[in-house]
Amino acid sequence: MNELSAQQIVDNHSAQVFALVSRIVSRREDAEEITQDVLLKVFRSIDKFRGDSSISTWIYRIAYNSAISHCRKKGIKTTELNEQTTLDSADGEHNSEREAQYIALEQAIATLGVEDALLINLFYYKKMSVEELAKVTSQSQSNIKVRLHRIRTKLHNILSNGPKR
Amino acid sequence: MDQNDKIIADYFDQLPEAKPSRELQERLVRLGEQTIAERAELRQSRSGIWIGIASTVGLCCIAMLIFRYFGVDLSAMWSAMKIESPTTVSMMTSELWAWFALGALATAMLIGYTLLTRRLHSDSRQ
């Protein structure tokens, strides 16, 4: 994979990594720090990339692990991200029922741990399959299915019962 | 997909996508170029060390084979240098000579392979 230049890697992948980690941490500086950490790891080990999976999956795997370790180290919880996203959804042209549902989802996602928040974002936002998620998280597909089911059940319950205010 | 699942999917779709700043991207490119260059240098110096070790071992093996070809009495050489002759020298069996030949061959192959891959690397970079 030595033919990939730093410019190509940054152009093709930095935005994806930044967008994902921005959904987990609220402070832009934290998102930039994690993105830089991820890209540095990619540059250092690009010659070891064997091509077992797509380069995108490989980079998401590094991003997943780096985001978790960064949040644990700095004691960041997913709760912190919700101030911004709640405002964004409230600003949109949604009807009040939809807004209430989105606020309910914000609250539900806020209660998830970093790992689950990353998983649900990769599934819904990045549209990753269970197989890809298993590669990114280094877990079995059945484990991913169980985790996703648990998270979705939690979100469904919140949607059915309405937001807790 | 049930209604609740659709709401969840729509929720994730409508969230704004954060974009990295131009400054961050430029910094990442600079860091990337620097890191990739450092890694390449490290690889080169590592392969240089291996070539050095392999060359030394290979030259020793070749020297031994030359001595063997010209029938040099190694025990006498050691004695002439007033150094106690190692037992292996006085016990040069044909099996041991074969090991030296194999060592010389392996070294030649290792050096050849390293030089070839280094050449291919530099060609692909150009």
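Modeller: Let us begin with a pair within one chain: α5(A) and α8(A) are oblique to each other. Please bear in mind throughout that this is a predicted model.

Colleague: How is such a pair described in general, and what are the angle and the distance between the axes of α5(A) and α8(A)?

Modeller: Two packed helices are described by the angle between their axes and the distance between the axes. Here, helix α5 (residues 96–110) of chain A and helix α8 (residues 141–161) of chain A cross at roughly 140 degrees, and their axes come within 9 Å. The crossing of α5(A) and α8(A) is right-handed.

Colleague: Which residues make that contact?

Modeller: From α5(A) come A:Gln101, A:Ala104, A:Leu105, A:Ala108 and A:Ile109, and from α8(A) come A:Leu155, A:Ile158 and A:Leu159. Sorted by class, the contact of α5(A) with α8(A) has 7 nonpolar residues, 1 polar residue and no charged ones.

Colleague: May we turn to pairs that join the two chains? At what angle do α2(A) and α2(B) cross?

Modeller: The crossing angle of α2(A) and α2(B) is roughly 25 degrees, and the axes come within 9 Å. That angle makes α2(A) roughly parallel to α2(B), since angles under 35 degrees count as such. The crossing of these two helices, α2(A) and α2(B), is right-handed.

Colleague: Which residues of α2(A) and α2(B) meet?

Modeller: On the side of α2(A) they are A:Glu32, A:Thr35, A:Gln36, A:Leu39, A:Leu40, A:Phe43 and A:Arg44; on the side of α2(B) they are B:Leu24, B:Arg27, B:Leu28, B:Leu31, B:Gly32, B:Thr35, B:Ile36 and B:Arg39. The contact of α2(A) with α2(B) divides into 7 nonpolar, 4 polar and 4 charged residues.

Colleague: How does α1(A) pack against α2(B)?

Modeller: Helix α1 (residues 6–22) of chain A packs against helix α2 (residues 22–69) of chain B at an angle of about 130 degrees, with the axes 9 Å apart. α1(A) is therefore oblique to α2(B). The crossing of α1(A) and α2(B) is right-handed. In this contact, A:Ala6, A:Gln7, A:Val10, A:Ser14 and A:Phe18 of α1(A) meet B:Leu24, B:Gln25, B:Leu28, B:Val29, B:Gly32, B:Glu33 and B:Ile36 of α2(B). The residues of the contact of α1(A) with α2(B) comprise 7 nonpolar, 4 polar and 1 charged.

Colleague: Let us look at single residues. Is A:Glu32 buried or exposed?

Modeller: A:Glu32, which lies in helix α2 (residues 28–45) of chain A, has a relative accessible area of 18% and is therefore buried, as the cut-off for buried is under 20%. Leaving out residues up to four places away in sequence, A:Glu32 touches A:Phe18, B:Ser21, B:Leu24 and B:Arg27.

Colleague: And what does A:Thr137 contact, leaving aside its neighbours within four places in sequence?

Modeller: A:Thr137 is in contact with A:Tyr64, A:Leu119 and A:Ile144, those neighbours being left aside. A:Thr137 is found in helix α7 (residues 130–137) of chain A, and at 7% relative accessibility A:Thr137 counts as buried.

Colleague: How should I read a positive phi?

Modeller: Most residues other than glycine have a negative phi. A:Lys127 is not a glycine, yet its phi is positive, near 55 degrees. A:Lys127 is found in the loop between α6 (114–124) and α7 of chain A, and counts as exposed at 51% relative accessibility.

Colleague: Where is A:Ser138 found, and what is its phi?

Modeller: A:Ser138 is in the loop between α7 and α8 of chain A. The phi of A:Ser138 is positive, about 60 degrees, although A:Ser138 is not a glycine. With 46% relative accessibility, A:Ser138 counts as partly exposed. There is also a glycine to note: A:Gly75, with a positive phi near 65 degrees, follows α3(A).

Colleague: How far does α3(A) reach from its first C-alpha to its last?

Modeller: Helix α3 (residues 55–74) of chain A has 20 residues and reaches 28 Å between those atoms, close to the 28 Å expected at 1.5 Å a residue.

Colleague: Finally, what does the secondary structure of chain B come to?

Modeller: Chain B has 5 helices and 0 strands, in the pattern α-α-α-α-α along the sequence. Of the 126 residues in chain B, 24% are buried. Among the contacts in chain B with a separation of 6 or more, 64% are between residues 24 or more positions apart.

Technical notes
Residues numbered from 1 in each chain as written. Chains lettered and ligands numbered in written order. Predicted model: local features only at pLDDT ≥ 70, side-chain atom pairs only at ≥ 80, totals over all residues. Heavy atoms only, no water. Helix = DSSP H or I, 4+ residues; strand = E, 2+ residues; numbered from the N terminus. Expected span 1.5 Å × (residues − 1). Axes fitted to C-alpha atoms, helices over the stretch in contact; angles between N-to-C directions. Parallel < 35°, antiparallel > 145°, perpendicular 65-115°, else oblique. Left-handed = near helix turned anticlockwise from the far one by under 90°. Contact = heavy atoms within 4.5 Å. Nonpolar A, V, L, I, M, F, W, Y, C, P; charged D, E, K, R; others polar. Buried < 20%, exposed > 50% of the residue type's maximum accessible area, 1.4 Å probe, protein only.
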